[in-house]
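Trainee: Before we discuss any labels, could we look at the model together and settle what each term rests on?

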Amino acid sequence: MILETNVEKKEQGIVEVKCKIKSSYVDKIMHEVSLEFQSKATLKGFRKGKAPLKFVKKTYEGDIKYQALNKMLPDIFEKLTKEQDIKPAAQPNISGLENMEEGKELELTFMIETLPEVEELGNIE
């Protein structure tokens, strides 16, 4: 799913994570979402759910991308935070979403606000 990641600590409590997502994973999710749209699509000249996938993709391109991102991002974010041992305090700011295309790797940048690191105080009595 994730090809490579680059973690850079910015200011106090902010981490920037750049990652590349495999094109095969992007294609798989886009295809799954396209098939869901195809089964519900009503295009002029075709019965409901019987329009060719090519026409469905062209007609609903923006909606398909939006749904695919909604399907992918939670999994990607969860995997990133576990692999990099990041404890997020809030939802991340994500850039690079507009570059999503079938057949191409997806490069995303997550700006993650993290929980503060607290040192152990030792034995207090």
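Mentor: Let us begin with pairing: two strands pair if DSSP finds at least two bridges between them, and the strands themselves (E, at least two residues), like the helices (H or I, at least four), are DSSP runs numbered from the N terminus. This is a predicted model, in which local features need pLDDT of at least 70 and side-chain atom pairs count only at pLDDT 80 or more, whereas totals for chains, interfaces and linings use all residues. Residues are numbered from 1 along each chain as its sequence is written, and side-chain values use heavy atoms, with hydrogens and water left out.

Trainee: How do you know that strand S3 and S4 pair?

Mentor: Strand S3 (residues 93–95) is joined to S4 by 3 bridges, in the antiparallel sense, and because pairing asks for at least two, the label holds; within it, serine 95 has threonine 109 of S4 as its bridge partner.

Trainee: What makes S2 and S4 a pair, and which residue of S4 is the bridge partner of isoleucine 14?

Mentor: Strand S2 (residues 14–21) and strand S4 (residues 106–113) are linked antiparallel over 8 bridges, and the partner of isoleucine 14 is glutamate 113. S1 and S2 also pair antiparallel, over 7 bridges, with threonine 5 opposite cysteine 19 of S2.

Trainee: Which strands are called edge strands?

Mentor: The open, antiparallel sheet has 4 strands in the order S1-S2-S4-S3, and strand S1 (2–9) and S3 are its edges, since each pairs on one side only.

Trainee: Why is glutamine 38 called buried?

Mentor: Glutamine 38, placed in helix H1 (residues 23–40), has a relative accessible area of 19%; buried means under 20%, exposed over 50% and partly exposed in between, with a 1.4 Å probe and protein chains only, so glutamine 38 counts as buried. Leaving aside neighbours within four places in sequence, glutamine 38 is in contact (heavy atoms within 4.5 Å) with Gly49, Ala51, Pro52, Leu53 and Val56.

Trainee: What makes a group of residues a nonpolar core?

Mentor: The term means a set of buried Ala, Val, Leu, Ile, Met, Phe, Trp, Tyr and Cys residues joined through side-chain atoms within 4.5 Å. The largest such core here has 24 residues, and among those with the most contacts inside it are Cys19, Met72, Met100 and Phe110. S2, H1, H3 and S4 each supply at least two residues, and H3 gives the most, with 8 residues.
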